[in-house]
Amino acid sequence: MKNLYLILEHLPLTILICIIAFLKTAQLEIVFFVLIFGWLLDIDHIIDYSIYLYRNKKIKISLIFFFSGKYFKKNKKIFVFLHSYEIPLFLNIIFYSTNNYEYIFVSISYLVHILQDQFTNNVKPFSYFLTYRLLINFDLKKICR
Ligand SMILES: [Zn+2]
């Protein structure tokens, strides 16, 4: 049940942003990217999980363990590179400098995902900044409370 929650937790807000994006732009391409960045951003957990598998010489992949997130503690590091406030900010700069203002919904969706994670995970205030995580060498103890 917890695994299902982890898969679906970002879906309600993402669907809401999809609807708003579609009503404002009528572009399915934008709705698609809103869905990818708002809902499926957690795909970057695969990197952290792969590091766990490699370091512990595990061959068998367990979806239950993947969704548990316990590999973060075992790795003692948290990478999740896509979970970084810098990326939606960078996307905004690109969207505005290329006059693709309607893509702002992609950035909003991305930002909402990270904000939701920020408030539902027990982390320190700057933990979702890639710059911060780089400076502390992705140390789990300095990321989590
Ligand atoms: Zn996430």
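A residue is termed buried if 20 or more other C-beta atoms lie within 10 Å of its own, exposed if 12 or fewer do, and partly exposed in between, with C-beta atoms placed from the backbone. The structure is a predicted model: local features need pLDDT of at least 70, side-chain atom pairs count only at pLDDT 80 or more, and totals for chains, interfaces and linings use all residues. Residues are numbered from 1 along each chain as its sequence is written.

The protein chain has 10 helices and 0 strands. Helices (H or I, at least four residues) and strands (E, at least two) are DSSP runs, numbered from the N terminus. The radius of gyration of the protein chain, taken over C-alpha atoms, is 16 Å. Of the 145 residues, 25% count as buried. Two residues are in contact if their C-beta atoms, placed from the backbone, lie within 7 Å. Among contacts with a separation of 6 or more, 62% join residues 24 or more positions apart.

Helix H7 covers residues 86–97. The expected span of a helix is 1.5 Å times one less than its number of residues. For the 12 residues of H7 this gives 16 Å, and the end C-alpha atoms are 16 Å apart, which agrees. The number of buried residues in H7 is 1, so H7 lies largely in the open. Asn 99 follows H7 and has a positive phi, near 60°.

Helix H8 comprises 17 residues, 104–120. The buried residues of H8 are Phe 105, Val 106, Ser 107, Ser 109, Tyr 110, His 113 and Ile 114. Their cover includes helix H2 (11–25), helix H3 (28–39) and H7.

Two packed helices are described by the angle between their axes and the distance between the axes. Axes are lines fitted to C-alpha atoms, for helices over the stretch in contact, and angles run from 0 to 180 degrees between N-to-C directions. The axes of H3 and H8 come within 8 Å and cross at roughly 15°. That makes H3 roughly parallel to H8 (angles under 35 degrees). On the H3 side, the contact is made by Ile 30, Phe 33, Val 34, Phe 37 and Gly 38. H8 contributes Phe 105, Val 106, Ser 109, Tyr 110, Val 112 and His 113.

Technical notes: The radius of gyration is taken over C-alpha atoms; the globule rule is 2.2 Å times the number of residues to the power 0.38. Angles under 35 degrees count as roughly parallel, over 145 as roughly antiparallel, 65 to 115 as roughly perpendicular and the rest as oblique.
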